[in-house]
Structures are given as C-alpha cells and as structure tokens.
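The sequence and the coordinates are shown below.

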Amino acid sequence: LVRGNDISATGILVTSAGGGIGAKNHVKNAIIEYNYVHNCPSGIKINAYDNTTFSGPENATIRYNIVTGTTGSYAPGLYIFTIKDPSVIIYGNLIFQNNGPGVRFDNTVTGDVDVKLYNNIFYKNGLSGGSGEIYINNFTANSTNIEIKNNIFYTRGVGYSWAALYEFGGKTLTHSNNIYYNPSTATNAQLANLNGTIYYKSQFPLITAWEPSVYATDPNFTNTSNLPTGFTGTYGINLQPNNDGLSVESGDAIDKGVNLGIAYNNAINLAGRSGGLTRPQGAGWDIGAYEQAATYYVSTTGSDSNPGIQSQPWATLSYACGRVTTPGSTIHINAGTYTDISYCQLAVGVSIEGAGKATTTINCSVGDPINSAYISMYSVSQADGSNSIHDFSLDGGNSTTIMGIDSRNRHNQTVYNMN
C-alpha cells in the first residue's frame, strides 16, 4: 500500500530518469492511492526488468492520485512499458498538464495485457508534443483487454489538432461513456485517431459509429485556474483534493456514466471521507474522477433567494437546513462570520461542513422550540441519522441558545473539529 505521499523531483540520475512511484516486476495486489506526484521525470511507472522473463504487476490498483508536471521530455503521467502480462486497474485519478500523454502504453508491452481505465480525468497533457491524453502504441501481445470507460479526455486544443486518444496497431478496445473533448475550433481538430482512422470534432457524430455512448462536449470543469496541488483533510474523515477546479457540476459528465459495479463505485472526493457515500449520488454514475454529491453552499456574500449552488450560495445555515432534505446531501459553509436568528432542523442523511473552525463562525441566538438547540437532529422514533457536523464554530452569544447541537432518537452521527 502506497498512500498519502507528496512526491516531487525524484528519480533524477546522471544516466537515466525515473519516476515518482514505480511498481516493477511481479508485484501482487499493490494499491497506490491518494498520492500527489508532481515535477518528477515521469509520474507513476508500471514495468518489469525485461518483457520476456519477468511478468509485470498483477492486480495492481492505481486510484485517487493526482499526477502532474512531469519534467522528462514527452514523459507521461502513467507509463506502462517493458513489461509482460500487466494486470492494472486505473481509476479515479486526476492526471493533468504532463509533458507526455496522460497514460502511455509503450511498444515494449507483451504477453496478456489486462488494463482497465475507469472514471479518470485527463486534462491538457502532452506539453512537449502531440501525443494526446491516452497513447496506445503498436505493441505485440498474446491477448489484449483494455477497457476505457467513464473517463474525461480534454486535450490542449488551441493551436493543436491532437486527438484525445491515439491507438496504433488495431488493438481491440472495450470502451463506453467517455468524453473526448478538443477545445480547438480548427477544422482538423481531432477527437480520436484509431490506427489511422481519424474522427474529427467538426464531423461529430461520426465517432458514435465507434463508440455509441461517446460525448464530445465541454465537460464544464468548475475552475481550471484552480487546479489541485495536493490533498486536504484526514483519510477516512474528510480527505479530498485541496482544490476542486477539475470537478464538474453540470453537463454531460453528470449522471451519464455506465455502472461499473460495487468494486469501482467510489470517487476521489468521496472515498477518503466518512459517511459511506458512493456512486451514484444522482440518477446515474458521473463521468470522471468526481461523483457530484449534492453539495449546497452558504456564504457571507450569499442570499437566501439564491438556489444554493456554489456560484449562487445561500446566506444562512437555518435556511439551508430547511431546504436540503435529501439523504447524502452536504451543506458547506464558506469561511466567514455569520449571524443567524433562526434554528436549524437537520434532516436525516444530511451533513454540515464548514471551511474550518478557526475561520467559520456562526453567532446564533435562537434555539428550536423543543430544546433551545441551534442545530437540532430530532426524529420522532429511532432512526439512522447518517449525519456529520464538522469544521466550524458556534457562538451562543447571550445564552439564548442553550445548546449548540442536540440529537434525539438518532444514531450513526459524528461531530468533530468544532468550537
């Protein structure tokens, strides 16, 4: 298990260049997760001593990692090379702005190839040249099982005709429900190059003959000027990328992924958190590394006439609690100081998270009619509350609010990092 590391500038030698993390030879059941790999010659490497004698990693899992900024010329974020019989599962990763492709299969891959790429985000890789987001070279294998599902491939686009996906040698791929997006407006802007058969953006929907469930629309990332630079929080409680610039709140990425089963039903913004949230959070699986749990926002600059989304937040927690009642939903309180003169009845399955107890304070002077608590988690009969409240401060002021938080007839609740 390799988890929770910040890895940079490693693998630099006089005669050769390495990578941030490597799984080599016949390693079994390796799990590489929640690592921030950046500014290394290459990102995560999967290989063997040679491709005839040594089998590669077996049943390796690479998930929920952030890989960016490779420094080697044409160096990929994930590199599969000089290897026989690789068996690798790659899902839920953010792989962006590397010198080479997001993931590269080299022509030195042999044997029985079994690689799954599920629910990853590849964004503007190939800084050194036109190698796309995923590059499958013309390798020789006994059998090939490469599955590509629920991924977002976003090319550099402007000024380039590079495809999101390159495949050489006529490999048989199993693929569905991916987004291939090229932001270029050029007539030769490519979506995919499949052994010389090129699907152009301008000719959409011709590519649907190859992948009927394909999307070629802008995935509408939240804010690409705010890309993650690591993780924040504690594993098992609130661990997630520190910036959500590559998350998606609208468009074809929402609810349009294929259900890949319980083994892969988590996401980079859910798996490290408490509460047991999994895919789907809406009508279906989201495409990409994130699963958009229903999150609503409260801000000092908000208004209770707003819809409560990140760009149009509410102004008070009490109003938010009265509107958010769907289990699995989260109310996020942005940093600031608030005054609330109404109490909060928190619904079953709804959680409240602040931006930090040192930066987020609510001055509350009213309690609910039953027990004078500002936040009431009350059920008439025994219920699984599935509530989590954390990371903000309550100030009862003149003691009109006898209790800050009260729970009655509920279990399975957590309250932490509060003042």
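Lys 256 and Asp 252 are joined through their side chains by a salt bridge, with an N to O distance of 2.6 Å. The structure is a predicted model, and the values that follow should be read accordingly.

**Salt bridges**

The two partners of this pair fall into separate burial classes. Asp 252 has a relative accessible area of 16%, and because buried means under 20%, this residue is classed as buried. Lys 256, at 33% relative accessibility, counts as partly exposed, since that class lies between the 20% and 50% limits.

Arg 408 is partly exposed, its relative accessible area being 34%, whereas Asp 406 is buried, with a value of 10%. Salt bridges with shared partners also connect Arg 3, Glu 33 and Arg 63 into one network.

In the pair formed by Arg 104 and Asp 106, the closest N and O atoms lie 3.1 Å apart. Here both Arg 104 and Asp 106 are buried.

| Arg 104 | Asp 106 | 3.1 Å |

Side chains of opposite charge can pair when their charged atoms come close.

**The sheet**

An open sheet is formed by eight strands, in the order S3-S6-S9-S13-S17-S20-S23-S24, with mixed pairing. Its edges are strand S3 (21-24) and strand S24 (197-200), each of which pairs on one side only. From one strand to the next, the twist averages 10 degrees.

Strand S6 (residues 44-47) runs parallel to S3, and four bridges join the two. Among the facing residues, Gly 22 has Lys 45 in S6 as its bridge partner, and Ala 23 stands opposite Ile 46 in S6. S6 is also joined to strand S9 (residues 78-80) by three bridges, and these two strands run parallel. Leu 78 in S9 is the bridge partner of Ile 44.

Which way do the side chains of S6 point? Ile 44 and Ile 46 point one way, while Lys 45 and Asn 47 point the other way, and all of these residues are buried.

Conventions. Residues numbered from 1 in each chain as written. Predicted model: local features only at pLDDT ≥ 70, side-chain atom pairs only at ≥ 80, totals over all residues. Heavy atoms only, no water. Pairing = 2+ DSSP bridges. Axes fitted to C-alpha atoms, helices over the stretch in contact; angles between N-to-C directions. Buried < 20%, exposed > 50% of the residue type's maximum accessible area, 1.4 Å probe, protein only. Salt bridge = Lys/Arg side-chain N within 4 Å of Asp/Glu carboxyl O.
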